[in-house]
Amino acid sequence: MLNNFGLAADGSPVNPRALLAMMLGALLTSSVTAVVVSPLHGLLLGLSGLSLAVIAWLYPDDGRYVLRGTDDERYRSLVENADDVVSVHDDNGATTWVSASVSQFGYSPSEYVRRPIADYIHPDDRAAYERLLAAVADTPALVHRAEVRFLVRDRSWRWVAIAVSDHRNDPAIAGIVVHQCDVTERRLDAEIASSRVARQTGVAQLGRLALEGADPTRLATAATAIIARTLGVDTCELYRAIEGTDTLLLEAATGPSADFVDHLVLDVGPSSQAGFTALLGDAITCHDVSSESRFAPSLHAQNLGIRSGLSTVVTGQMGRYGVMVAQSRTVQTFTAEDTSFMQSVGNALALALERRTVEEEARHAALHDALTGLPNRVLFVDHLRHELEVARRSSAPVGVLFVDLDHFKVVNDSLGHGAGDALLRSVAARITTTMRPGDLVARFGGDEFTILCGRLTDNSDLEKIAERVRASLEAPFDVEGNQVRMTASIGITSVDPATDASITADAILRDADAAMYQAKDAGRARHAMFDDSMRLQAMNRLQVEAELRAGIDRGELRLSYQPIVSMRTGHVVAVEALCRWQHPTRGLLEPADFIPIAEETDLITRLSKWVLGSAARQARVWNRDEGRGVLVTANLSARNLERGSLLDTVAEAVDAAAIDPRWLCLEMTETTVMRDVGASMDMLWKLRETGVCVAIDDFGTGYSSLAYLKRLPVDILKIDRSFIDGVATRRDDRAIVEAIVRLAHTLGIVALGEGVEDTSQLLALRELGCDLAQGFHLSMPRPAEAIDFRPLAAVASMTDPVPDPMHPTVRT
């Protein structure tokens, strides 16, 4: 580096750039790393590394310094031993002198001076050199620089940095001085760095598209475009391996191959580069197809005039996806870095596509019943609402059939849940075959099915469909070698939204359900149309409401607690508070007998306040008084989220019990949360601010979006029991549970499997990394004083007895 200023003998500053200009312009810029003026009279010193040499004497002459060499030999030695090439040229460009260092380009000085320097410069760079000379002529006092390609003796090209200065008026030089420094390695390093940046940018771009939720076609096309652009090839193709065959399908392409997407099929084998890559299972580089002996070019490649190609296997976590091929119409050399880059892009694409597949499967699972594959309650209600909107414009009646299997519980109790599941699948298949085109069949829950029918002429259409459904069930079912006969009770309702604008999907389902109970009351194995007489049942519901209101005042509500167990230690780390009603005449009632009625009225607010207060007080006993460190969970309904008083109710319960709010967890179903995502998200964040935990119940049965889930303040995901039922016996259920557990852990959420009923389910959850488990196999709901906090043997026997952390780590 040059000092900013030196000092002359008289102490005045001397600009070293001016000194260098006097010293043949840039003759010594590469080797002289410092220029100073000695305190001695005008002594100019050059510092190069650790060497110090006298370059010249400076004498004052008319107010400026004049450069005079100490002697010719010293000056010549300094220039001749410089690493870079220095040459002098006349006005016509002829070389009049060159330093001996020109030998680094393979030339001797006598040989080099025979030709003008322009002859050594690459044709594409000569214009830049001419512009450099013109600039020197315009501003002779300045040194002008550029980088050009220079011809060396072996006929290859090297990049050199040239500095040109005008010294034609200096009688000691009388010419234009050109200083050349070989920068090929630097240029190569810069190109490599630029290439690496471009490759990293390409992979990052693909990652952004995946995170933004781009569809698979867009992702695949983007991957081929990134590879084609970065490697500078004419076309890039992605072939997907067709499962169960030895063929490859062109799934995406950039360049001329794009016209053949979804049409071109290649065999796995040596009849193409892609096919041979799939056969070999490794990357293949073909520099020139004319000399290729491992495989034959495909007819497709021949038609495109392909000369060179690079192909890699595309692999994801689920295995081999397919083959990526980059091809050029000219002979091209592919490097190991090219191969590594293309593999990175391909594998990143495979992971993105697999992640998309998992998300699609999770979304499908959220809208479809895992057991039968039919649409679930959420999807059915969504279709019903849409059909009502259409019917309001077309004035066409809409009908709903509510199908409930008679005595299905007997099958479960006698043959087991596996047989019950098999029967439900068979029933679903038979019902589906009876439908008209456009009708929708859904599994509503348990042994209940619903059917949505549009384009009706009158109610007789619905009765005909009900008769066909009942007839389809008449033949016995073969269930695990047992002949099982099944009947169904069917409730029917129809509405014309054009004449009743206030009708809602919930009201239609309520009426169909009421008609179904009418059919059961009439003896089962029949259907019933909803009519006014069924309004009496509504009156009964009003009676239950009045009794429940009085029951709350009389203190008839009870809480039972079901333990939640750590899959790591077997310790009880949480308990779920379950509300019961000790009815004075009907005995102990389950939540299903009164919660739905409470949710339809303002009673849900009073009931929730009692439950939260009681649960909080029990949390104080277990944690503050007994020091157990257990989380107490309580359920919220959709109405709770809609009530503005919920936050006050929670705060009041926590304050009254004088507990740490972290020991209280509020549960709500996935369907409840997704009913109004915006409002739910706002309420959940406000609940989180109070310090309590939040759990999503029945996960997998609702209509949740992963984009929303990652934004929700959720601590625990409770995997719905419908998936736990088959986690040890059905591949699809196991895959769904595994995906939910992985999703939960990715988002920093605890995964809980609910409804565990046997050891095989428990072992499966343990293998899949599920954090917590709950179910009858572990413990029935019990009064608070009957809860056994000792490690459960069913879990402890398969885990190491490591002390379990307390609740605050649940939120990590």
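**A residue and its core**

Tutor: Leaving aside neighbours within four places in sequence, Met668 is in contact (heavy atoms within 4.5 Å) with Leu636, Leu641, Val673, Leu684, Val694, Ala695, Ile696 and Asp697. This is a predicted model, in which local features need pLDDT of at least 70 and side-chain atom pairs count only at pLDDT 80 or more, while totals for chains, interfaces and linings use all residues. Residues are numbered from 1 along each chain as its sequence is written, and side-chain values use heavy atoms, with hydrogens and water left out.

Met668 belongs to the largest nonpolar core, which has 83 residues. Such a core is a set of buried Ala, Val, Leu, Ile, Met, Phe, Trp, Tyr and Cys residues joined through side-chain atoms within 4.5 Å. Buried means under 20% relative accessible area, exposed over 50%, and partly exposed in between (1.4 Å probe, protein chains only). The members touching the most others are Tyr561, Leu607, Trp622, Met668, Leu687, Leu717 and Val737. Helix H17 (residues 603-625) contributes the most to this core, with nine residues. Helices (H or I, at least four residues) and strands (E, at least two) are DSSP runs, numbered from the N terminus.

Another core, of 32 residues, lies apart from the largest one and includes Ala419, Leu424, Val427 and Cys453.

Next comes a helix pair. The axes of H11 (residues 408-415) and H12 (residues 417-433) come within 6 Å and cross at roughly 140°. Axes are lines fitted to C-alpha atoms, for helices over the stretch in contact, and angles run from 0 to 180 degrees between N-to-C directions. H11 is therefore oblique to H12; angles under 35 degrees count as roughly parallel, over 145 as roughly antiparallel, 65 to 115 as roughly perpendicular, and the rest as oblique. Phe408, Val411, Asn412 and Leu415 of H11 meet His417, Ala419, Gly420, Leu423 and Leu424 of H12. These residues divide into six nonpolar, three polar and no charged. Here Ala, Val, Leu, Ile, Met, Phe, Trp, Tyr, Cys and Pro count as nonpolar, Asp, Glu, Lys and Arg as charged, and the others, Gly among them, as polar.

Of its 812 residues, 48% count as buried. Among contacts between residues at least 6 apart in sequence, 60% join residues at least 24 apart.
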